[in-house]
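Open the model in your viewer and keep the selection tool at hand. The stops below are meant to be taken in order.

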Amino acid sequence: MNEDVLLPSVKPWVKPLMGELVDFRREVHANPELSFVEYQTTERILSRLRDAGLNPVALEETGAYVDIGSGPIALALRADIDALPILEETGLEYASVVDGVAHACGHDIHTTVMLGVAKALKAMDDATGLGARIRVIFQPAEEKMPGGALAVIAAGVLDEVPRILALHCEPRIDAGKIGTRIGAITSASDTIKIELTGRGGHTSRPHLTEDLVFAMSQIATNVPAVLGRRIDVRSAVSVVWGQIHAGSAPNAIPATGYLAGTMRCLDGEAWEGAGDLLDEVVRQVASPYGVEIKLEHIRGVPPVINTEEETDLIEDSARAEIGSAAIVLTPQSMGGEDFAWMTNKVPGAMMRLGTRTPGGEDYDLHRGDYIPDEAAIEVGVTVMTAASMRAIAQLLAETSD
């Protein structure tokens, strides 16, 4: 559906919103909330949508969605609204006032962009009528595997949706640009938790113990290595540990230990196989040391698969509004995204929204000092509003044939 569609620019509808959208983003940024407890954030979203004359629907606990226009749904758009358990270190005037919680992944930007799209579309619908409906979804708990997207799907929010788009902040792309790709744009991601127990003892007599720390070191280094030899290397299975805890004294072998980390995979089919293999490999590696193993393998999310038609929808809209030079090819990320559950249900695509100030400092996501360039908000609203109008035009063209 990438036939040329001549549409008027949405910029006149987007530009007047920018002041209030930046203010809204800063308010959300200063008051972050963790997954499934985004109560204030949800109320802020609902309030702004109602003020615009819309009738949003609150989800069971947190999150909401809203339809703009009338008739069949042409497209859904999704924003995630939760924050991370990270201490903010930006020093901004509007930095988080919640100790140890921060919007270090840019979800405040995502939420703001989709609020802006809803408000722009509402103004356009009031002026001329849209001709179809656009559904904007404010989803809770993207950061809590396997993700709040499953709750949204279970609530039936996607039941009438034919296609869906989302965006994600990208600090490696300059503000003013977007990144796209066809196919997998994220990776599968699981959480691994391993508890070990054994007889502790003196470090001078490890032969009288189960040397638990040594066993942990073998698991930490050899499990990733073995998986890398048992699974096709083109699938890029990656096991990385984020937590290793054991012991309290340098001369005592502890009786308990704990490892936790993530397993990521570029390929969905290989991800399934790696999950089945993980338990076997962990136990084989630990077996010579006599420790007892309790493995908790928490299935996360498959890769987000961008379909060609929905990627074309984003690119054609961006080309018309911000120019071809602003569209760059983005690599597949090893990060996980629960938007994958939505693209498993309906055709969809996610774009990367550039947030790096041109010539400015480089950041990464999930860092306490991450400062996205707020110029990205206007780009996101413009492209997603244009994509909404293009999706409506395509739907109307199909139904008139």
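What follows is a walk through a predicted model, one selection at a time.

**Stop 1: the annotated binding site**

Select Cys105, His107, Glu143, His168 and His366, which an unreviewed UniProt entry annotates as "binding site". These positions spread over 262 residues of sequence, yet they cluster in space, with a largest C-alpha distance of 13.0 Å. Cys105, Glu143, His168 and His366 also belong to the lining of the largest pocket.

Now centre on His107, in helix H4, which runs over residues 107–128. Is His107 buried or exposed? Its relative accessible area is 0%, so His107 is buried. Leaving out neighbours within four places in sequence, His107 is in contact with Asp80, Ile81, Asp82, Glu142, Glu143 and His168.

Move on to His366, in the loop between strand S16 (348–356) and helix H10. His366 counts as partly exposed because its relative accessibility is 40%. Check its backbone as well: phi is near 65°, a positive value in a residue other than glycine. Most residues other than glycine have a negative phi.

**Stop 2: the largest pocket**

Show the surface around the residues you have just selected. The largest pocket holds about 1000 Å³ of space. Its lining has 38 residues, and Leu84, Glu143, Thr262, Arg264 and His366 lie nearest the centre. To see which strands take part, colour S5 (164–174), S8 (188–197), S10 (238–246) and S12 (256–265); each supplies at least two lining residues. Strand S5 makes the largest contribution, with five residues. Sorted by class, the lining of this pocket has 14 nonpolar, 13 polar and eleven charged residues.

**Stop 3: the loop between S4 and H5**

Ala141 lies in the loop between S4 and H5. Its phi is positive, about 60°, although Ala141 is not a glycine. Ala141 counts as buried because its relative accessibility is 0%. Pro146 is in the loop between strand S4 (133–139) and helix H5 (149–154). Which kind of peptide bond joins Met145 and Pro146? The bond is cis, with omega about 5°. Most peptide bonds are trans.

**Stop 4: a cavity**

Rolling a probe the size of a water molecule over the atoms shows where empty space is left. The structure has one cavity of 30 Å³ or more, and about 30 Å³ of space lies in the largest cavity. To find this cavity, select its lining: His29, Glu88, Thr90, Ala102, His103, Ala104, Arg367, Gly368 and Tyr370. Three of the lining residues are nonpolar, four are polar and two are charged.

**Stop 5**

Then pick Leu77. Neighbours within four places in sequence aside, Leu77 is in contact with Met114, Val117, Ile134, Arg135, Val136, Ile137, Ile164, Leu165, Met384 and Ser388.

**Stop 6: residues 191–288**

Select residues 191–288, which the unreviewed UniProt entry annotates as "domain: Peptidase M20 dimerisation". The span is 39% helix and 31% strand, and its end C-alpha atoms lie 25 Å apart. Pick Asn222 in helix H6 (residues 212–230). Asn222 counts as partly exposed because its relative accessibility is 29%. For a distance across the model, draw a line from Asn222 to Asn344: the two are 122 residues apart in sequence and 33 Å apart in space, C-alpha to C-alpha.

**Stop 7: Arg181**

Finish at Arg181, in the loop between strand S6 (178–180) and strand S7 (183–184). Its relative accessible area is 21%, so Arg181 is partly exposed; the cut-off for buried is under 20%. Not counting residues up to four places away in sequence, Arg181 touches Asn306, Thr311, Leu329, Thr330, Pro331 and Gln332.

Terms used: Residues are numbered from 1 along each chain as its sequence is written. This is a predicted model: local features need pLDDT of at least 70, side-chain atom pairs count only at pLDDT 80 or more; totals for chains, interfaces and linings use all residues. Side-chain values use heavy atoms; hydrogens and water are left out. UniProt positions are given in the numbering used here, feature names are shortened, and annotations may be inferred rather than shown by experiment. Helices (H or I, at least four residues) and strands (E, at least two) are DSSP runs, numbered from the N terminus. On a 1 Å grid over the protein atoms alone, a cavity is a set of points where a 1.4 Å probe fits but cannot get out, and a pocket is an open set with protein on both sides within 12 Å along at least five of seven lines; lining residues have an atom within 4 Å of a point. Grid points are joined across faces, edges and corners, and a volume is the space filled by probe spheres set on the points. Ala, Val, Leu, Ile, Met, Phe, Trp, Tyr, Cys and Pro count as nonpolar, Asp, Glu, Lys and Arg as charged, and the others, Gly among them, as polar. Contact means heavy atoms within 4.5 Å. Buried means under 20% relative accessible area, exposed over 50%, partly exposed in between (1.4 Å probe, protein chains only).
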